[in-house]
Amino acid sequence: MTPEEIKQALVQRLKTIAPDTEPAQLQPDDNIRQTLGIDSFDYLQFIVAIDEQFGIETPEEDYGTIQTMQELTDYVAARVKSDPNKSR
């Protein structure tokens with residue numbers, strides 16, 4: 001799975017969490033929560049959904065380190081790449 005495919009999947013998932021926003025407009029360094037106005041509960045739901053979609057497990061201590069689209073794309077890519085059978 002390419003980083004662009006991961007980003008597209010993330011954008012689609014963000015659209016379900018924040019339907020009144022335009023996550024496709026996010027710049028790589030934009031803070032996802034601040035830019036889209038997502039509260040911490042919705043962001044947690046988003047991370048859980050991403051974990052399920054990609055078959056990865058994001059430890060709670062990592063939540064604060066993945067705040068931008070670039071960080072999240074890199075984070076997911078690194079974990080999917082380590083086990084290519086986990087992407088769905």
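1. Leu 72 lies in helix H4, where helices (H or I, at least four residues) are DSSP runs numbered from the N terminus. With a relative accessible area of 1%, Leu 72 is buried; buried means under 20% relative accessible area, exposed means over 50%, and partly exposed lies in between, with a 1.4 Å probe and protein chains only. From Leu 72 to Ile 50 there are 22 residues in sequence, and their C-alpha atoms are 10.0 Å apart in space.

2. A word on the basis of these values. This is a predicted model, in which local features need pLDDT of at least 70 and side-chain atom pairs count only at pLDDT 80 or more, while totals for chains, interfaces and linings use all residues. Residues are numbered from 1 along each chain as its sequence is written, and side-chain values use heavy atoms, with hydrogens and water left out.

3. The largest nonpolar core has 23 residues, and those that touch the most other members are Leu 10, Leu 14, Ile 32, Phe 46, Phe 54, Leu 72 and Val 76. Such a core is a set of buried Ala, Val, Leu, Ile, Met, Phe, Trp, Tyr and Cys residues joined through side-chain atoms within 4.5 Å. Two or more residues of this core come from each of helix H1 (3-17), H2, H3 and helix H4 (69-82), and H4 gives the largest share, six residues.

4. In helix H1, the buried residues are Ile 6, Ala 9, Leu 10, Val 11 and Leu 14. Leaving aside neighbours within four places in sequence, Leu 10 is in contact with Phe 46, Ile 50, Phe 54, Met 69, Leu 72 and Thr 73. The end C-alpha atoms of H1 are 21 Å apart, which agrees with the 21 Å that its 15 residues should span at 1.5 Å a residue; the expected span is 1.5 Å times one less than the number of residues.

5. The largest pocket holds about 170 Å³ of space, and its lining consists of Asn 31, Ile 32, Arg 33, Gln 34, Ser 40, Tyr 43, Leu 44, Tyr 63, Gly 64, Ile 66 and Gln 67. Helix H2 (32-36) and helix H3 (40-54) are the elements that give two or more residues to this lining. On a 1 Å grid over the protein atoms alone, probed at 1.4 Å, a pocket is an open set of points with protein on both sides within 12 Å along at least five of seven lines, and lining residues have an atom within 4 Å of a point. The volume is the space filled by probe spheres set on the points.

6. Two residues of that lining can be followed further. Arg 33, found in helix H2, is partly exposed with a relative accessible area of 35%, and, not counting residues up to four places away in sequence, Arg 33 touches Ile 38, Asp 39, Ser 40 and Tyr 43. Arg 33 and Gln 67 are 34 residues apart in sequence, yet 7.2 Å apart in space, C-alpha to C-alpha. Tyr 63, in the loop between H3 and H4, counts as partly exposed at 24% relative accessibility.

7. Thr 58 is also in the loop between H3 and H4, but Thr 58 is buried, with a relative accessible area of 8%. Not counting residues up to four places away in sequence, Thr 58 touches Ile 47, Asp 51, Tyr 63, Ile 66 and Tyr 75, whereas Tyr 63, counted in that way, touches Tyr 43, Leu 44, Ile 47 and Thr 58.

Terms used. Contact means heavy atoms within 4.5 Å.
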